[in-house]
Amino acid sequence: MDRLVHPDLKDVSLAAALHALADPVRLDIVAKLVECPCLNASTACAQGTPKSTISNHLNVLRAAGLIETSIEGRERINRLRCTDFDTRFPGLLASVLANKA
């Protein structure tokens with residue numbers, strides 16, 4: 001079984017967080033997670049997006065400490081680590097989402 005690595009947010013740099021939020025697709029995933037507290041990979045991105053692309057985006061978000069992924073049966077469920085992320089980078093997520101184009 002795959003082992004998912006979730007970094008301690010104290011080890012996540014501001015550059016990594018900003019990189020993760022800079023991509024429009026990843027920013028859309030984060031915005032969806034704000035509206036719906038948990039998503040699987042197939043509902044995280046637009047229909048027709050290749051699985052490898054979705055997986056890469058989710059890996060970047062996970063490495064930046066933005067999401068937590070758990071394995072439930074055959075699905076991977078992604079949840080936003082909003083409270084933890086906001087503790088590490090106060091106001092960053094809210095500011096980026098408020099200014100999402």
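Predicted model: local features only at pLDDT ≥ 70, side-chain atom pairs only at ≥ 80, totals over all residues.
1. Arg 26 is buried, yet Arg 26 makes no salt bridge. The nearest side chain of opposite charge belongs to Asp 23, and the gap is 4.3 Å. A salt bridge here asks for a side-chain nitrogen of Lys or Arg within 4 Å of a carboxyl oxygen of Asp or Glu, so do keep that cut-off in mind when you read the 4.3 Å value.

2. Where does Arg 26 sit, and what does it touch? Its place is in helix H2, which covers residues 24–35. Leaving aside residues up to four places away in sequence, Arg 26 touches His 19, Ala 20, His 57, Val 60 and Leu 61.

3. On charges across the protein, there are 12 positive and 11 negative ones. Their mean positions lie 5 Å apart.

4. Now the fold as a whole. The protein has 6 helices and 3 strands, and from the N terminus on the order is α-α-β-α-α-β-β-α-α. Taking contacts between residues at least 6 apart in sequence, 65% join residues at least 24 apart.

5. For 101 residues, a compact globule would have a radius of gyration near 13 Å, and the protein's value of 13 Å agrees with that. Along the principal axes, the C-alpha atoms fill a box of roughly 35 × 30 × 20 Å.

6. Finally, burial and surface. Of the 101 residues, 35% count as buried, and Arg 26 is buried too. The accessible surface comes to about 6,100 Å², with 54% of it belonging to carbon and sulfur atoms.

Technical notes. Residues numbered from 1 in each chain as written. Heavy atoms only, no water. Helix = DSSP H or I, 4+ residues; strand = E, 2+ residues; numbered from the N terminus. Rg over C-alpha atoms; globule rule 2.2 N^0.38 Å. Buried < 20%, exposed > 50% of the residue type's maximum accessible area, 1.4 Å probe, protein only. Contact = heavy atoms within 4.5 Å. Areas by Shrake-Rupley, 256 points an atom, 1.4 Å probe, with all protein chains shown as cover. Lys, Arg positive; Asp, Glu negative; His and termini not counted. Charge placed at Lys NZ, Arg CZ, Asp CG, Glu CD.
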